[in-house]
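Here is a short note for a colleague who is new to this model. Please look at the structure, then read the points in order.

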Amino acid sequence: MTAVTDRVAAAERGETRIADRVVAKIAAQAAKEAVDKPPKDGASPSATVTVHRDTARVRVSLELGYPSDIGRQCGAVRRRVSERVEALAGMEVPEVAVQVERLHPAAGAMPEGSIR
């Protein structure tokens with residue numbers, strides 16, 4: 001029987017690769033957490049990512065309630081997505097593009113006489 005005397009350092013044994021779709025799921029969940037009040041009949045946020053080495057560029061599509069501070073909510077989504085992807089996947093996130101697909105008016109938010 002041969003004893004193993006020389007051990008290979010953990011960093012030299014191989015690499016861990018995280019699939020783009022996994023990073024996209026992390027980003028979509030983080031976006032969902034960041035939205036103040038998601039519309040009842042709105043779709044959940046979705047995300048697409050492009051990963052190159054340890055860098056992820058993220059595009060999030062979401063629906064928001066109306067009226068709301070759209071700029072503030074998009075900023076909150078950018079921050080949350082960036083933080084969560086960096087923390088969970090260990091990737092740098094230099095860009096998070098947020099695309100608002102649809103605004104859902106709250107009950108009573110439309111003025112009388114307006115077209116629905």
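How many salt bridges does the structure hold?

1. The structure holds 3 salt bridges. A salt bridge is a side-chain nitrogen of Lys or Arg within 4 Å of a carboxyl oxygen of Asp or Glu.

2. This is a predicted model: local features need pLDDT of at least 70, side-chain atom pairs count only at pLDDT 80 or more, and totals for chains, interfaces and linings use all residues. Residues are numbered from 1 along each chain as its sequence is written, and side-chain values use heavy atoms, with hydrogens and water left out.

3. Arg80 pairs with Glu33 in a salt bridge, with the closest N and O atoms 2.4 Å apart. Arg80 lies in helix α3 and Glu33 in helix α2, so the pair ties together parts 47 residues apart in sequence. Helices (H or I, at least four residues) and strands (E, at least two) are DSSP runs, numbered from the N terminus.

4. Asp36 and Arg72 form a salt bridge at 2.3 Å, N to O. Asp36 sits in the loop between α2 and β1 (46-52), and Arg72 in helix α3, so parts 36 residues apart in sequence are tied together.

5. Glu95 and Arg57 also meet in a salt bridge, at 3.4 Å, N to O. Glu95 is in strand β3 and Arg57 in strand β2, 38 residues apart.

6. Gly75 is in helix α3 (residues 70-89). Gly75 is buried at 13% relative accessible area. Buried means under 20%, exposed over 50%, and partly exposed in between (1.4 Å probe, protein chains only). Arg80, at 28%, is partly exposed.
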